[in-house]
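This report looks at a ligand and the pocket around it.

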Amino acid sequence: MSAWRSEITIDLGAVRANVRRLLAAVGDAEVWAVVKADGYGHGAVDVGRAALGAGASALCVATIPEALEVRAALPEARLLVMGPTRTAEWGAAAEARLEIAVADGRVPEGIPVHLKLDTGMGRRGLSELPSPTRETVGIMSHLATADTDPVFAELQVQRFREAVAPFQGRFTCHLANSAAALRLPTAAFDATRCGIAVYGLSPFGADPADDGLQPVLSWRSELALVKQLAPGESTGYGRRYLAERPTWIGIVPVGYADGFRRHLTDTHVLVDGRRRPVVGTVSMDAIAVELQSELSVGTPVTLVGDGLLLEEHARLAGTINYELASGINSSPLRARRIVIDARAG
Ligand SMILES: *Cc1c(COP(=O)(O)O)cnc(C)c1O
């Protein structure tokens, strides 16, 4: 690792396996891979290309600039912008052959649109379907509780089914996210928009293996400093960790500016493959780990991966894997990003 403070590894074989798993789960429906927010922190272009290669039919992003970045690398991909767009962006959208979701009265001309209906998310969406214009290619809605409340999700499925009934066969109807694609077969319709599961992360905050998913991202660093605290000595801001007895600690050069959230104090990382607790306050650029014995500088540390799940960190930090994943900072100013593309995956 030497010059690098940490390494983020993206396994495209796992992306392909996850897309195939989703394809198997949704029957005849298409799988569209959601690569907004730079592919949930994994890299939109790398993940998007692998997902398409494994059988995904389109890529979805949140913004026009996100779509333009993907378009530059993937000239043939079908791209849907799901979030709000400004009229000033429509020219660029048309030129880049994007499709956009329309959730208010403003329907752009000359751009394929997906009418977005609000069936219960209570967020962006039309309360009723207008008569579709010539540009309409899809009708969509979004589930609020596919991961937590299947009864309400089924109600949304029912509302969507009634709303699209007059148009089925004419437009691509799509409602499901990852949670629904995996566990709510009635929500599949013509296409499913899958984000978190493509990354091998559980939409349910559980072990991804429960749903046949393989984590794509691993994040590793090493001990940059090893020292012994005498009883009464502390490490880190606020002296929140005080050694009770002579204690070896290791400093890992990763902190909240890298995406290792401040709420992750007390979580575990793997030091040389063994679970050890993170102690004291997480700094911007460093964390401290309690060791069982003296270890050498350079000992490998796994922050995510090798069986240590992002879901476990998320539970401890009181958040969800989505937030932690999209917050990991893979800027080359902070980390080295490695993409592995083993064809066998
Ligand atoms: C982000 C998003 C998705 C993907 O949700 P996952 O839970 O990550 O599968 C699907 N549809 C819309 C409209 C979204 O914004």
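A polar side-chain atom of Lys36 lies 2.7 Å from an oxygen atom of the ligand. The table lists this polar contact (a pair of N or O atoms within 3.5 Å) with two others.

| Residue | Ligand atom | Distance |
|---|---|---|
| Lys36 | oxygen | 2.7 Å |
| Ser178 | oxygen | 2.5 Å |
| Arg193 | nitrogen | 2.9 Å |

On its own the ligand has 380 Å² of accessible area (Shrake-Rupley method, 1.4 Å probe), and the protein covers 92% of this area.

This is a predicted model, in which local features need pLDDT of at least 70 and side-chain atom pairs count only at pLDDT 80 or more, while totals for chains, interfaces and linings use all residues. Residues are numbered from 1 along each chain as its sequence is written, and side-chain values use heavy atoms, with hydrogens and water left out.

The residues around the ligand (a heavy atom within 4 Å) include Val34, Tyr40, Met82, His142 and Tyr322. Helix 2 (36-40) and strand 9 (191-194) each give two or more residues to this shell; helices are DSSP runs of H or I with at least four residues, and strands are runs of E with at least two.

The ligand sits in the largest pocket, with more than half of its atoms within 2 Å of the grid points. A pocket is an open set of points on a 1 Å grid where a 1.4 Å probe fits, with protein on both sides within 12 Å along at least five of seven lines; lining residues have an atom within 4 Å of a point. The largest pocket holds about 710 Å³ of space and is lined by 35 residues. Helix 8 (310-317) gives the most to this lining, with three residues.

How values were computed: Polar contact = N/O pair within 3.5 Å; in protein donor to acceptor, adjacent residues only side chain to side chain. Points joined across faces, edges and corners; volume = space filled by probe spheres on them.
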